[in-house]
Structure formats: C-alpha cells, structure tokens
Amino acid sequence: MRRSSFYLLLIGLIFALPFVPALIASFGGVWRFPTIIPDGINLRAWESVFSPSSRTLSAIFLSLWIAFCVTVINLMVGIPAAYALTRKKLRFQSGIEAVLLAPIFVPALAAVMGIHLTFLRLGLTETVIGVILVHLAPSMPYVIRAAMISFQTMNEEAEDAAKMLGATKSQRFYHVILPHLIPGLTAGVVLSMLISLSQYSVTLLIGAGQVITLPILFVPFLNGGDPAIGSAYTLVFSAVALALVLLLDGGLRSYYATRKGGCHEWI
Amino acid sequence: MSGFEIKNLSKSYGEDFTLAPVSLTIQSGEFVTLLGPSGCGKTTLLKLVAGLIAPDGGEVYQQGKELTSVPSENRQFAMMFQQPHLFPHMTIAENVAFGLRMRKVAKKERLKKAEEVLAEVGLGGYGKRYPYELSGGQQQRVSLARALVIEPTLLLLDEPFSALDPLLKVEMQQLVKTVHQQTGVTTICVTHDQEEAFYLSDRIALMQTGEVVQVADPQTLYRSPATLAVAKFLGYKNFIPVKVEQDSIVTPFGTYAATISIESGKYQWAIPSEAISLKGSLQGLVNEVVHHKGYIETVVEVEGHELTVRKLTPDAQALRVGDSITIGLPDEDLVLLRE
Amino acid sequence: MWHRTKDYLLVLPALVLTGVLFFGGLIDGLFKSFGYFPAVGTSTFSLQAYQEVMTSSLFADSLDLTVRVAILSTSSATILGVGAALALYFMARRTSARWLLRLFQLPLTIPHLAAGYFMILLLSQSGLIARVSYALGWIDMPSEFPVVVNDRFGLGMILTYSWKEAPFIALLVYPVLARIHDNWLDAAKVYGATTTHYIWHVLLPAIRPAVITASLIVFIYTLSSFEVPYLLGVTYPSTLPVYAFQLYTSGSFADRSEALVIMWLLTTVALVVGLVAYRFYRKSYERGWE
C-alpha cells in the first residue's frame, strides 16, 4: 500500500470512528462499564424513541416541514435576487451582495436574540411561523450563493438562442434556465434544509418550548440522560439529515445520469 | 422587393464604443455578410437586428412592417451563434424541435419535422442522442437545423464557423451555401473571415470602427475598394502616390489617360498584387522572394518604389533575389484613393 | 427607467427579508444592549451593560475559553483538512477519488449536536475508548481515564470541531488542488524538485487563499456557535455564546442587555473576520484558483 493511501484510510477511519459507540449504545440496552460489546441486542431504546407517546415522528415531520418552508421561501426570493446580481447591472451591486451574504458569517443567535422581544410583542414567539422566520437568515445566503454560481456558469447566449427560437420569458425560464439551475441549486437546497434542521438555540428561544422540532425534543436526553436513548435520538437525527442529502443529491444524480450533458458543470 | 430594411440604427456603450447610424437594405432571399475586424460593431449590429439589444435610435422594417420594438421571440427570426448552445438536457431531436415546441406544434409533428431537417444537414438518425455525444462540428450542424426548422423569415449567423477547425469550417460553409440556395432564406452573416464572406455572400457590408464603409457584391468590393482603409483591410499591398491633372494620371511609372472624370489632386494608386504581370515595360530588381502555400510573393523595386507581386507561374518560380526583370502594370480601371 | 426599477424589484424581497430579520435583529439588539427597552418604559441609553461585561471576571474567563477553543479548533481542523486534501490529490492522480470525496462529506452532513454527542460516547470517562483502555489493562476504573469531554480546557469541543470542520476545509480546498494541472508536477520534477518541494513551493502557495478563507470561516463558526459548547462544555466557564444565552434566558432586563453586549462583540469580530475572509476569497477568485 502506498503511503498516501495509508494516510487516507487512517483519516477515513478517524472520520467514521465516532459513529461506532452511538450504534453500540443504542442497541445495547444497558451498556455498563467496562463492557465493550454488550451481551445481545436490545431494542429498548429504539422502542422508546419510536413509541407513540415520545412524539418523535411528529417532531421529525415538524422539523422537515419547517426546513421545507424555509427552503421554499429561500428559493422564491433567492433565485430572482441571484439573477439580478449576476445578469443585471445594479448600482451598489457589491454592497447588495455583501448585505445578502453577511449572515453566513454572523451567528444567527445574535440577530435572533435582538429580535426576540419584538417577536414576542408581535405574537410570533411560540409559533411555527416565527421559527421559520428566524431560520431564514442563516440559510438564505447559501441558496443565493448557489443560484449565483449557477447563473454565472450559464452562458447568456444560450438564453438568446432560445429567445431567437421564439421562447417567451416564462418559456425560457422553464425550459432553459431552470434545467440548468437545478443541479447547482441542489447544493443550496441541501444546505438550506440542513441548516434549518440543525438549528437548536434559535428555535429554543423563539419556539419557547412550544414548537417541538427534533433537536428541541431530544437535547434534554443528551445532558446526563440515558445514553441508549440519547444515542438512538442522535442517530435518528443524523439519519434524517443523511437521508435528506442522499435523497436530494441521489435523486438528481440518477435523473441527470440519463441526461448527462447537464452533469458536466456540477459534479 | 425589399425584404429587410435597417434605418439609421445606432447604439453606443458609453465612450468605449459607438455604432454610427447604420442604414442597409437587404433584398428578399439575399445573403448579406457584415464583414470587419473584431470590435468594428458587426455583432452589435446583428444583435440589434435580432432584437437581443435595444437600439438608441433608428428602426428596422420587414416587408415594410416596423419591427423595432417587437421582442426577438416574436420576430420569427433564427440565429446561429459561434457556439452551438444546444440545451444539454434535451436530445438532438428535442433541441431541433425546440422552436416548434415554443410555437405549440404537436409533439409528433415537430419531432418528425426535426428528423427531416436533421437529415438535410447530414445528421439523419442522430435525433435520439444527447448533445454531449456529438462532436463540435456536428453540434454546429444541429444548431443550424434548429434555426432552419422554424422556417425563419430571416436567418442570422454570428460567426458560426469561427470555432471550428479549417476542414470542418469549409464543410459547414458549403452546407450553409447549399441550404441558402435551396431554401432561399434571407440571411445576414457576421464574420471577420474574408474568404468566408467572399465565398458565401451576394453582397458584403464592410464595417470599420462602428460604421458601414462600403456595401457591394464581392467582386466589386475587391476591384474597387471605396477607401484606403478598405483597400488595406482587403489585403492590398501596393500603394503608389499619383497626381491627377485634368484628364491624365501622372505616376512614377508614366502617365495614363483617365477613362472616367476624376477630380484633380493627389491620390494613392492601389495596385492588386495579382494584377501585376512579370512581363512588361518597367525595369525592376528583385529584392525579396517568399514562397507561400498557393503563390510566390516577390518584392520588386521599380523607380525607387517597392511593388509586391503574387504569382505561381514558372517564371515566378525561377526568380531569385538580385535578378533584374521587367514587369507590367494594369493600365485600365485604376483604383485611385484619396489619402 | 422602469426597466431599471424592475431589476431592483428582483433583489428587493431577499433584501427586505435579510434586512428586517437579520440586520433588523442586530440593530434591535444593539439598542437593547444600551438598555433601551421602550416596551417596559426604559427609553434611555446607557453604557452600564458594557461596563458590567468588561469588568466581569465571568466574562474574562469565558472569553479566554472561547478564544482558546476557536484558535485551537481552527488550527487543528486546518492542518487535518489540508492534509486530507493533499492525500486526496495524490490519490486522485492514480484512481478515481469520488467515493472518498463522498466519505469525506459524511461528517459534514452530521449535525453538530449529534457530532458532539458521539464524541461524548467515544471519549468520556465511561466512553468506548475508556472501555478499550480497561480491556487492555491501561486503566482500572473510569476515573483513571483523563477528562477529555466536559473539561475546563475545552478539549472535547476542540476534538469535535476538528472532526466536523476538517472535512469542510478539505472540501473547500480540494477543488482548487484538483484544478492544478498534472503537468505541473512533471514540470517541477524535470527541474529536479522532489514531491516535498512540490507540495511546499507549488501546491501550498496555490491553495493558500482558499485555505485562509476556509479556516477564517471555521474560526468565526467555532467562536460563535452554540450547540457544541452547550453539550461539551462545563458549567463554568462556558463559552461566550452559551454564557450570553444563559444570561439572556435568566430573565432580567439588565442580564439581557449584557447578553446582547456579548453577542454584539461576537458579531463585530465575525463581520471583521468575515470581511477579511471575503477579501481572500475574491483574491483567490481573481487569480483563477477558485
């Protein structure tokens, strides 16, 4: 084995290692020190996580619903903004870009803490809408960025070509721009969903315990709770995130595998 | 019948570039080329005609109907670009049928039509493939088919062959010429390639620094360039200062009688290198001999003036530097140009 | 003119949402950090909260911990990430590294909360490694295993961040490396360069802007994120975001002002570092590495 392959394998192992104890703990029933491998498989933790009274499923759905709404709003406002920023000559272009992308750097908690009392007054706390609103700022820049890159890699003349063939504005968007945009946008959509999904502190502050997303539901189990249940929850959480990525990414990949031309720009 | 008319069309991009008001009338079925060096404004003019950019002033008419403010998608034109710009997510047939689909032609009909046009451009049977499976030259053919399938009233070509390698380029030019002869579609082509312009065009509009400087059929354009700059662009190398006095033209090599009336004064006499013969009354000395692919270029000094001669005859092949020879200059239809 | 206005209408919705929800929130917070709470009748500005924060030893300890964790996490993630990217680069010269890239993306997908908890299960005194150590006879009981998570130094956080952010850096840097032409190595070898020379004098300078951008982003993140220190920290000292959150949720308006002072401090640092990162990003973009 060559040296670099060895390093790579080592690095790969280091990245995979942290999943191992969570898997062991969640299937082990009681996992007492110093046993490394528990005696036999015990589904106690998983049963408890998915028992109807645990409300896990509804929390997963709520989390996904919020992430979905956040992403749809991001797409609706982000695509036109990215289009204008890349295709039109705007005054204050770089200023607008800086304003729209700034939330990437600034902790979301800072803005949410600032706006909390105003939300309280407007009756937006303890509501799903309030939570959706505070998930927008940290995720929107990624959608805008992804859309901008897609627009930049798209030759404007292709649009002209469609125009000359009689395609109206909406036809051009649907038949030419969107098919080109989708692969690049996937990265933005995945990030937007993941960011919304993994928010904890801002959801806690604005949802005030009434909007129970998956993290809000399980974090109490992590602080000194039963490791088996904590492990099961974190694995469920990771699985939801992973499934989301694989579904969006993989679905698109297989779609474009047959229509390979579109793939060149985005892999 | 005048097919297409451009009236005083102008466009400026700040101080960097200005297209002077351009007027040009194109007959129905005519193939007109906008020829000029890069940056002369030919592509801008084409895009104005296409409606892809809005003019600062002027109008365009088709069959007497004003089109200036009609959006390009409603003009029923077609355009080929330097790059094929095929839509990567559609098959070749879908690409070709795109314009028909935009016009709500039924699927079966438009795909059938697409296959027909694909056959016309020599790509019969390629319909089910995707663009990435085709070579650059084939893609450009598809692009041509896509433009033709909508039966455009005006076909616009924006340097469509300049990205192709020389052999493919010639093949495509032949195809376009054939297609033009068969369909009779009015065509405006933009190019910086003179060979291409001369081969394809019924008429050439020569453009320099944002202006159309001469419009003529290829033969006339080459035989009688309108200005010194045009002559230089077309490759003239011999410019001899002459003087016109009444009806005679005084040159360093003798005096000629003017066949048409011409104003007295100083001129430059532009002599095509091919028009000089290697037999004649003028004594000269060979200063330089360079062998090119299709001709031999000889620089001959006559009366203190260097003249470039292009020939591929046996006597031209025998010439060596330092030889004393005689040459003959053309003595009618002299091209006299103001400084 | 109407045409122009239409272009601005395209960016307007995004600008309004960002402006109100993000900048509005920040400014709202800034007012409140000055003790301006008109809803409860205090509409005067005071610097009291700033004074309280600056002189508090809780803040000083918290700042100390936060900066330490951020700097050490960033350094270790950068070294690991660049190393991984280089390994990928040399691997990819021979085989397709696509599946490896996929493997690298795995930690990126795992939310920080989950990652933090995995680290606890792995590294705590009764964690998997402690058990393996026991089985190997290195320790006799859990308390003999060093405190690695929920420790005062912040090692648990640093390890978690290294695990999570190293792939992030690798994935930002690798595309730049992938675009470096193979011929460069051949050219370098013709002139007698060893692979080490090549890495040092060609590859590293080429990826420098991308590495700096990536690590500055990681630095800001580790400085200001909440979830990992919330799980892996100790009660005292806590990192600044956690400290601010505790202050804010404790309820008194004076504490809330102090919490917002801290968040504003983090925001300012984040914006300044962010600007620098953006500069480097542009630079790498202009040079054509990106």
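A salt bridge joins A:E157 to B:K47, with 3.9 Å between the closest N and O atoms. The term denotes a side-chain nitrogen of Lys or Arg within 4 Å of a carboxyl oxygen of Asp or Glu. Across the interface of chain B and chain A, the rule finds 2 salt bridges. The model is predicted: local features need pLDDT of at least 70, side-chain atom pairs count only at pLDDT 80 or more, and totals for chains, interfaces and linings use all residues. Residues are numbered from 1 along each chain as its sequence is written, chains are lettered from A and ligands numbered from 1 in the order in which they are written, and side-chain values use heavy atoms, with hydrogens and water left out.

Chain B meets chain A through 28 residues, which contact 24 residues of chain A. Contact here means heavy atoms within 4.5 Å. The size of an interface is often given as the accessible area lost when the parts come together. Between chain B and chain A, the buried area is about 2300 Å². Carbon and sulfur atoms give 63% of that area. Buried area is the accessible area (1.4 Å probe) that two parts lose on being put together, summed over both. In chain B, the residues that lose the most area to chain A are B:E73, B:H89 and B:M102. Together they account for 27% of what that side buries.

Polar contacts were also counted between chain B and chain A, giving 4 residue pairs, both residues at pLDDT 80 or more. A polar contact is a pair of N or O atoms within 3.5 Å; within protein, one must be able to donate a hydrogen and the other to accept it, and residues adjacent in sequence count only if both atoms are side-chain atoms. Several elements of chain B each supply at least two residues to the side that touches chain A. They are helix 1 (42-50), strand 6 (77-80), helix 2 (92-102), helix 4 (136-148) and strand 7 (154-158). Helices (H or I, at least four residues) and strands (E, at least two) are DSSP runs, numbered from the N terminus. Helix 2 of chain B provides the largest share of this side, 5 residues. By residue class, the side of chain B that touches chain A holds 16 nonpolar, 4 polar and 8 charged residues. Ala, Val, Leu, Ile, Met, Phe, Trp, Tyr, Cys and Pro count as nonpolar, Asp, Glu, Lys and Arg as charged, and the others, Gly among them, as polar.

Chain B itself is divided into domain 1 (2-224) and domain 2 (236-337). The bounds come from an automatic or database domain assignment. Taken over C-alpha atoms, the centres of the two domains are 40 Å apart. Chain B and chain C do not touch. Their nearest C-alpha atoms lie 12 Å apart.

Of the 2 pairs of chains in contact, chains A and C share the most contacts. Here 84 residues of chain C contact 85 residues of chain A. The two chains bury about 7200 Å² between them, 77% of it on carbon and sulfur atoms. The rule finds 1 salt bridge across this interface. A:K88 forms a salt bridge with C:D7, the closest N and O atoms being 3.8 Å apart. Polar contacts between chain C and chain A number 9 residue pairs, both residues at pLDDT 80 or more. Helix 1 (residues 2-33) of chain C gives the largest share of the side that touches chain A, 19 residues. That side of chain C divides into 63 nonpolar, 10 polar and 11 charged residues.

Chain A has 12 helices and 0 strands. Its C-alpha trace spans about 70 × 65 × 35 Å along the principal axes. Chain C also holds 12 helices and 0 strands. The C-alpha atoms of chain C fill a box of roughly 80 × 75 × 30 Å along the principal axes.

Over all chains, the count comes to 18 salt bridges. One of them pairs A:R87 with A:E156, at 3.9 Å between the closest N and O atoms. This pair links distant parts of the chain, 69 residues apart. A:R87 lies in helix 4 (residues 56-87) of chain A, and A:E156 in helix 8 (residues 156-164) of chain A.

Rings of Phe, Tyr and Trp (its six-membered ring) pair if their centres lie within 6.5 Å; planes under 30 degrees apart count as stacked, over 60 as edge-to-face and the rest as tilted. A:Y200 and C:Y230 form a tilted pair, 5.6 Å centre to centre, with 40° between the planes. The pair crosses between chains. A:Y200 sits in the loop between helix 9 (169-198) and helix 10 (201-207) of chain A, and C:Y230 in helix 10 (residues 227-232) of chain C.
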